[in-house]
Amino acid sequence: MRVSAERLRAASRPDASTTQPLSTSAADVGILLLRLAVGLLLAGHGAQKLFGIFGGPGLSATGKGFEDLGYSPGVFFAGLAGASEFLGGLGLAVGLLTPLAAAAVVGVMINAMATTSPNGLWAANGGMEFPLCLAVAAITIAAVGPGRLSLDRPFRWRDGGWLSAAVAVGLGAIGAAIVLALK
């Protein structure tokens, strides 16, 4: 007996009477909390660099600091870092274009780790502990997916996966390598 494609599709659809309403799981809330904490803190950090709000120095002063770290022209690289943190952070917080938002965060955090790694691991010594945690959090969000409580809900990367994680790591690493090569 030959089964048509339409009959197979119809058979795989759940019956409307047996489907249950969508409920919010602890995982959905947990990933939302992670996205909000990491994303909004990063967005705020980027806003400090770009706009001088939340007690930040603003673009001009941040640019001078970047020059001191060997990034020239400092204002350009400070703006790039600030925009990556601000837009990547907002993207993670609301769960929009999550793999790309995570890539922006990973790229800027790789640069932060490259700058702080001579001081070792621990933040108390000026080390790379904090940027490492932020990069891992961004990769985790991409790998797990932003969940149902996100603007990415209608897209297939809502549930994360290897491809989403690879996009975050790969594009972030490529962006970081370009910036470090131009520095």
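Visitor: In which helix is Leu 163 found?

Guide: Leu 163 sits in helix α7, and α7 covers residues 162-182. Before we go further, this is a predicted model, in which local features need pLDDT of at least 70 and side-chain atom pairs count only at pLDDT 80 or more, while totals for chains, interfaces and linings use all residues. Residues are numbered from 1 along each chain as its sequence is written, and side-chain values use heavy atoms, leaving out hydrogens and water.

Leu 163 counts as exposed because its relative accessibility is 56%. Exposed means over 50% relative accessible area, buried under 20% and partly exposed in between, with a 1.4 Å probe and protein chains only. From C-alpha to C-alpha, Leu 163 is 8.0 Å from Ala 143, although 20 residues separate the two in sequence.

Now step back to the whole chain. The protein chain has seven helices and zero strands; both are DSSP runs numbered from the N terminus, helices being H or I with at least four residues and strands E with at least two. Of its 183 residues, 35% count as buried. A contact means heavy atoms within 4.5 Å, and of the contacts between residues at least 6 apart in sequence, 59% join residues at least 24 apart.

The volume of the largest pocket is about 660 Å³, taken as the space filled by probe spheres set on the points, which are joined across faces, edges and corners. Its lining has 31 residues, and Lys 49, Ala 81, Glu 85, Val 108 and Ala 112 lie nearest its centre; a lining residue has an atom within 4 Å of a point. Helix α7 is one of the helices that supply at least two lining residues each, while the largest share, nine residues, comes from α5. The lining divides into 19 nonpolar, ten polar and two charged residues. Here Ala, Val, Leu, Ile, Met, Phe, Trp, Tyr, Cys and Pro count as nonpolar, Asp, Glu, Lys and Arg as charged, and the others, Gly among them, as polar.

Helix α4 supplies lining residues too. Its 21 residues, 74-94, reach 30 Å from first C-alpha to last, close to the 30 Å expected at 1.5 Å a residue; that expected span is 1.5 Å times one less than the number of residues. Within α4 we find Gly 88, which is buried because its relative accessible area is 2%. Leaving aside residues up to four places away in sequence, Gly 88 touches Ala 83, Ala 101, Ala 104 and Val 105.

Most residues other than glycine have a negative phi, and most peptide bonds are trans. Yet Leu 97, not a glycine, has a positive phi of about 50°, and Leu 97 lies in the loop between α4 and α5. Phe 54 is likewise not a glycine and has a positive phi of about 55°; Phe 54 belongs to the loop between α2 and α3. Finally, a cis peptide bond, with omega about 0°, joins Ser 72 and Pro 73.

Terms used:
1 Å grid on protein atoms, 1.4 Å probe; cavity = no way out; pocket = protein on both sides within 12 Å on 5 of 7 lines; lining within 4 Å.
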